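The sequence and structure are shown first.

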Amino acid sequence: MPSKNSSPIKSIRQANRVYGLAPSTLALAISGALIADLAMAAEEPIVLDKLDVEETITPDTNPYAVPGSSYLAEKLSDPRRTRSLAETPQTITVLTASEIADTGRSDLREILDAQPGITLGTGENGNAFGDRYVIRGHEARSDMFVDGLRDPGMAIRESFAVEQVEISKGPSSSFAGRGTTGGAVNSATKRASTEYDFAKISAGVGTDSHARGTLDINQVIDYDTAVRANILLSQEDVPDRSPADRERKGAAFSVTHMPTDKLEITADYYHFEGDDKPDLGTYIDRTTGIPVENIPVYLQNEDFLSSKVDTATVRVGYEITPKTRLVNLTRYGTTDNGYLLTGASGSTAYTTEADANNDVNSFPSIGLSTHQGWQEVESFANQLNILSNQEIGGMNHELVFGVEYSDQSVLNGVYDRTTNGATNCYTAGRRGVGASHCLTDANGNSVSDINSLLQREYSKGDYDTDWNVKTLSFSVMDTVDLNDKWTAFGGLRYDYYDYKTIAGTTTYADKDGFLNGHLGASFKINDKANVYASYSTATNINGGESDVGTSCGYGGICVAGDDPDLGTPEKTDSWELGTKWRFNDDKLLATAALFRITKNDVMESPSGDSYSTLGSLNTGQNQVDGIEVGLAGNLTTKLSAQVGFTVMDAEVTKSITPENVGKTLANFADKSASLHLRYQATPKFAFGGTATYESVRYAGQPDSAAGNYAVPSYTVLDAFASYQVNRDMALRMNVGNLLNEDYYLAAYRSGSFTYIGDRRNVQLTMDYSF
């Protein structure tokens, strides 16, 4: 029985936090406490309303999700987003942990590639260290965030410690700072909670030597303190491309403590190691324009791609007054990336050097090439936000004041290497005739020992580029209800940056500032629907991409001759007209938006020579128009969905190269769609699947005119089924690429490195709670 001076509900909440009661137990306890208290106050019978318990709520349920609708997020993890997702005036796709698990996808790369409006790109020299994305036609590889702080470095990213993935479409520099031309991706991490004790282990096996295990444990120490641990071990061959493989190891630890009712401190540590032997795929035949099929797996025994990430974050929340709170995040992190990879492309080969010099007795073959580099990233960031609800002029204002400081340093270098394998052909290239390694001989037969042709030895060399940027930012945002129907919103952010890159013996430096913002209004049609219009801007600084040095066409430093002036930053503005509707007791959200993104003062390279620093500054302009529709949540009590469809049109409107004007953008799909469905056939059995579509994409440099080589369109179907064995155990089977389609994800501008999508694969996963 609660004491006379305590609230029964407060008492039950305290008991729940201490003892970790299940929701159904908590609901019964609350009901019992209410009955007891009310019975003491009156002798007449008490009639209680029917109590509905959501069966889908579990202790480890996403805290941002809508109860009873595991595919729909109620809110975003960023506290600066003061309204619910349904009331946020921007196209934002949120992928919850439940949906990600049902898809069977785990790497952020494959999760994002399945989303409409997002395509994959290839990096300079065949690889940009790790993940690379293009959102609404624009480079986004540096626009990756974790819990609202920029996550620098081109690392492999995994989802084992992720609560939900939030994809903001359109310029977002008032929230995120530099970059974010086409959008930004934020991963919300799993944090310790004082609400429940729980533990869940997932173990999976499958085809292609797939083995994956994760552990998620949350332990309540006392009313004010809890700890959480997430562990990952994973290994698999690339489907149908062995000995190419992927290996993942990770650990994430979180502890939260509330010294007082007003102060909460959470500390997180994240460690991840990705060790892959990647397959750079096939190449596009320059005569037919079609990717070459059935190319053998040519990766060499010494090939590797590795990422090692260590980050520590401290999050402090303090309630200054009932209407004002402070949120501060501090993070320090390091990332080490490296790769030594083998590429393949169609070649005209010769048996002898004399034949090559005389261009006689040639035969078609596939030549091998080496692509490699390393990167060391060190970063520090501190973000302070003050959120306050204040009545000004008779209207309630949701104010956000922010200050952010970041210091990011990146060393890039290459490996010293020697190739010891005997050459077996001669080819002619830009540097003349030379001995080479070919996959087929003059008779068209595959050579032997295909994975040990090069026999390279390597060691880490000195760095050749030292990239640094320090940024101090100030921001203010406001959301105000003008009346019962109209809401106005807006924000400004000023970023002062100190940029310096040392490339070889040359130092490039720039100190300046830029202002970005967003502004708009929304109209409430009724309690379930609204329509909004917004305007937002973004800014990219010259040399803003840390992994490419002076490769102008890839976001590296672009200068005019010997002029040290880095020119004007690229400016982007965007208009969006959208609407959001809630259905099915707020468990289903439908969205639609028309948008236009215009990028001005684009850095260009004369004649497409991205390898030269002799760039022509600020001569380009491009524009993307489109429409995007989405649907997320429960269509019925048994059918859940996450649906998206995007139709876009991109055009280069200005260029130093006249023939580029009017072309579409590289790495751009004008149509893309994703359909993910889950049907709960019985209380224990569910099944569903995913259909992903991308139209034709042309190879080329990011943010520039499309090249001559096209990556074909594709449609891929995945399927899954799950069975709840008992209260604690569930089984799930995932079948990727159900119809075993041949499809391709992206291609380098020359048609080389045409990435091959995974062939059919099957995994069986057991989830066990204890």
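In which strand is the place of threonine 479? The model is a predicted one, and in it threonine 479 belongs to strand S22, which covers residues 456-481. Is threonine 479 buried or exposed? Its relative accessibility is 15%, and buried means under 20%, so threonine 479 counts as buried. Neighbours within four places in sequence aside, threonine 479 contacts Thr82 and Arg83, then Asn396, His397 and Glu398, and also Thr487, Ala488 and Phe489.

Elsewhere, an open sheet is formed by three strands in the order S4-S5-S6, with antiparallel pairing. Strand S4 (118-120) and strand S6 (138-139) are its edge strands, each pairing on one side only. Between S4 and strand S5 (residues 133-135) there are three bridges in the antiparallel sense. Isoleucine 118 has isoleucine 135 of S5 opposite.

The disulfides come to two. With the bonded cysteines numbered in sequence order, they pair 1-2, 3-4.

| Disulfide | S-S distance | S-S torsion |
|---|---|---|
| Cysteine 425 and cysteine 438 | 2.0 Å | about 80° |
| Cysteine 552 and cysteine 558 | 2.0 Å | about -60° |

Because the torsion is about 80°, the disulfide of cysteine 425 and cysteine 438 is right-handed. This pair links distant parts of the chain, 13 residues apart: cysteine 425 lies in strand S20 (residues 425-429), and cysteine 438 in the loop between strand S21 (432-436) and S22. Both cysteine 425 and cysteine 438 are buried.

For cysteine 552 and cysteine 558 the torsion is about -60°, so that disulfide is left-handed. Cysteine 552 and cysteine 558 are both buried.

Note on methods: Residues numbered from 1 in each chain as written. Predicted model: local features only at pLDDT ≥ 70, side-chain atom pairs only at ≥ 80, totals over all residues. Heavy atoms only, no water. Helix = DSSP H or I, 4+ residues; strand = E, 2+ residues; numbered from the N terminus. Buried < 20%, exposed > 50% of the residue type's maximum accessible area, 1.4 Å probe, protein only. Contact = heavy atoms within 4.5 Å. Pairing = 2+ DSSP bridges. Disulfide = S-S within 2.5 Å.
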